Amino acid sequence: MKPLQEVIDHTLANIERMPELSTTLGEASGLFLAHPIVVENPVPPFDNTAVDGFAVCMETFATGIAEDLNVVATVAAGDDPSHLRLRSGEAIRIMTGAPLPPGTDAVVMIEDTLLQGEKVKVLRLPTLGANIRRRGSDVDAGEHIFETGTRITPAVKGVLASLSVTHVAVFRRPIVGVISTGDELSDDPILAPGKIRDSNRPSLYDAVAAAGATAVDLGSVGDDPDQLRAAFTHAVASCDALVTSGGVSVGDFDYTKAVLDELSDNQFTWFQVAIKPAKPYAFGRIAGVPVFGLPGNPVSALVSFELFVRPSIRKMLGTPRLFRPTMRATLTVAINHQPDGKLHLLRGVVETDGHGGLIVTPQGHQGSHVLTGMAQANGLMLVPDGAHLKPGDATDVIIVEELGNPTLTLPHTKTDG
Ligand SMILES: Nc1nc2c(c(=O)[nH]1)N[C@H]1C(S)=C(S)[C@@H](COP(=O)(O)OP(=O)(O)OC[C@H]3O[C@@H](n4cnc5c(N)ncnc54)[C@H](O)[C@@H]3O)O[C@H]1N2
Ligand code: MOO
């Protein structure tokens with residue numbers, strides 16, 4: 001059996017980043033930048049006010065709180081006030097985001113003033129620069145704002161829009177085909193004896209999409225070498241990667257293995273990974289396209305996907321962050337395993353403990369056919385070979401879904417009403 005790390009390394013060494021393409025910012029959501037972004041023009045593009053209020057100059061307050069000021073103009077967001085000139089003893093009514101009229105040294109919030117007809121009284125002495133947002137105070141020209149590999153998140157997209165970027169170079173989203181194999185899989189309305197539903201294809205399809213690739217459902221194929229050959233050949237001609245499930249073990253009808261090997265010119269690698277579940281795993285390239293041969297057992301297929309396929313899709317997408325976070329969590333129950341040479345990836349429920357830490361409870365039934373255990377888990381616990389752990393001991397957990405009990409914990413805040 002091969003150590004897990006070795007198999008991950010072998011897989012990733014054979015995965016290449018997708019070619020880059022230029023796309024509209026609108027189409028780039030969730031993709032990763034292929035080039036750094038350097039700011040051409042500052043944001044904000046001009047000095048402006050952070051509050052609704054009155055623009056004033058400091059000369060007015062040379063001897064402290066001034067007499068009532070003459071309100072000489074109003075400037076709204078979107079206006080160009082460059083023709084105005086603020087003088088001592090004057091105020092200009094101004095709205096949040098509006099450019100500052102020339103001569104402005106500070107803006108006084110409306111709440112700190114008293115408006116009386118055409119005059120305004122300033123109730124609190126302003127400081128120089130108060131409530132002014134300077135040109136370039138978000139990002140300035142010349143700044144390297146985003147590196148290659150930055151994901152276009154909602155905030156990143158917003159920044160790019162603020163920089164007038166309309167097109168970006170990103171790495172293309174890979175197209176990943178999903179095929180199930182096995183004579184036992186049936187779509188018939190009533191299951192005939194010996195048949196089962198195909199659960200791997202829908203779950204792997206969604207796993208592919210959740211990893212950021214475009215998933216393609218390529219159906220299920222029976223245990224027939226000719227059909228398998230035709231299906232895999234078609235798949236690699238239309239996809240950037242292919243995920244199969246089933247037929248990678250040692251059964252009499254495990255033809256998947258043989259056909260993949262043949263199509264790859266015997267370049268496929270058959271792993272017995274030192275893990276449980278997901279021990280059998282096959283990886284190779286057919287016509288240059290990476291093909292992941294995942295085990296048929298439904299839990300094993302998804303665990304294998306997490307360990308080998310998801311990081312590969314992430315690498316194809318162009319992000320340097322290939323793996324999910326692994327956290328330390330405190331066990332709520334004991335774990336006692338006989339040594340079997342394998343790292344055990346137990347499906348567990350990870351919750352916050354209310355004090356900033358995490359607790360984890362393994363699911364009751366850990367069989368690799370018990371998909372409900374996977375469905376109810378949000379963590380894959382990394383339990384070493386032959387572990388004897390007590391409640392209260394710590395273990396590593398890969399967080400695969402949102403944590404349990406995620407209430408928003410706010411610091412205590414005093415309010416006045
Ligand atoms: N003699 C041995 N037998 C098995 C070994 C072994 O080392 N020696 N390994 C076991 C392990 S571990 C796994 S995992 C499975 C992997 O087998 P295959 O990848 O060849 O998968 P199949 O035999 O085709 O199917 C296994 C199991 O999963 C069900 N299955 C398959 N595809 C689907 C699907 N799309 N949706 C739902 N369920 C599916 C299938 O009916 C079988 O029950 O081998 C063990 N055997
Ligand atoms: O390792 Mo198999 O992948 O347990 O069921």
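This is a predicted model: local features need pLDDT of at least 70, side-chain atom pairs count only at pLDDT 80 or more; totals for chains, interfaces and linings use all residues.
1. Residues are numbered from 1 along each chain as its sequence is written, with chains lettered from A and ligands numbered from 1 in the order in which they are written.

2. To stay with that pair: H3 spans 200-210 and H6 spans 298-317. Helices here are DSSP runs of H or I with at least four residues, strands are E runs of at least two, and both are numbered from the N terminus. The axes of H3 and H6 are 10 Å apart, at an angle of about 25 degrees; axes are lines fitted to C-alpha atoms, for helices over the stretch in contact, and angles run from 0 to 180 degrees between N-to-C directions. The two helices are therefore roughly parallel (under 35 degrees; over 145 is roughly antiparallel, 65 to 115 roughly perpendicular, and the rest oblique).

3. Which residues make the contact between H3 and H6? H3 brings Asn200, Ser203, Leu204, Ala207 and Val208, and H6 brings Pro298, Ala301, Leu302, Phe305 and Ile313. Contact means C-beta atoms, placed from the backbone, within 7 Å. This contact has 8 nonpolar and 2 polar residues and no charged ones; Ala, Val, Leu, Ile, Met, Phe, Trp, Tyr, Cys and Pro count as nonpolar, Asp, Glu, Lys and Arg as charged, and the others, Gly among them, as polar.

4. H6 also packs with helix H1 (residues 4-13), at about 35 degrees and with 10 Å between the axes. That crossing is right-handed too. From H1 come Leu4, Ile8, Thr11 and Leu12, and from H6 come Leu307, Phe308, Pro311, Ser312 and Lys315. By class, the contact of H1 with H6 holds 6 nonpolar, 2 polar and 1 charged residues.

5. Now for the ligands. Around ligand 1 there are 25 residues, the closest being Asn200, Gly246, Ser249, Pro295 and Gly296 (a residue is near a molecule if its C-beta atom, placed from the backbone, lies within 6 Å of it). H3 and H6 turn up again, each supplying at least two residues of this shell. Its make-up is 13 polar, 7 nonpolar and 5 charged residues.

6. Ligand 2 has Lys276, Pro277, Ala278, Lys279, Pro295, Asn297, Ser300 and Ser368 around it. They divide into 3 nonpolar, 3 polar and 2 charged. Pro277 sits in the loop between strand S17 (275-276) and strand S18 (280-286).

7. There are other backbone spots to check. Val43 and Pro44 are joined by a cis peptide bond, omega about -5 degrees, and Pro44 is in the loop between strands S2 (37-38) and S3 (48-49). Asp265 has a positive phi, near 55 degrees, and lies in the loop from helix H5 (255-263) to strand S16 (269-272). Most residues other than glycine have a negative phi, and most peptide bonds are trans.

8. H5 has a packing partner in helix H4 (residues 225-238): their axes come within 10 Å and cross at roughly 50 degrees. That makes H4 oblique to H5. Their crossing is right-handed. H4 contributes Pro225, Leu228, Arg229, Phe232 and Thr233, while H5 contributes Tyr255, Thr256, Ala258, Val259, Leu260 and Leu263.

Definitions and conventions:
Two residues are in contact if their C-beta atoms, placed from the backbone, lie within 7 Å. A crossing is left-handed if the near helix is turned anticlockwise from the far one by less than a right angle, and right-handed if clockwise.
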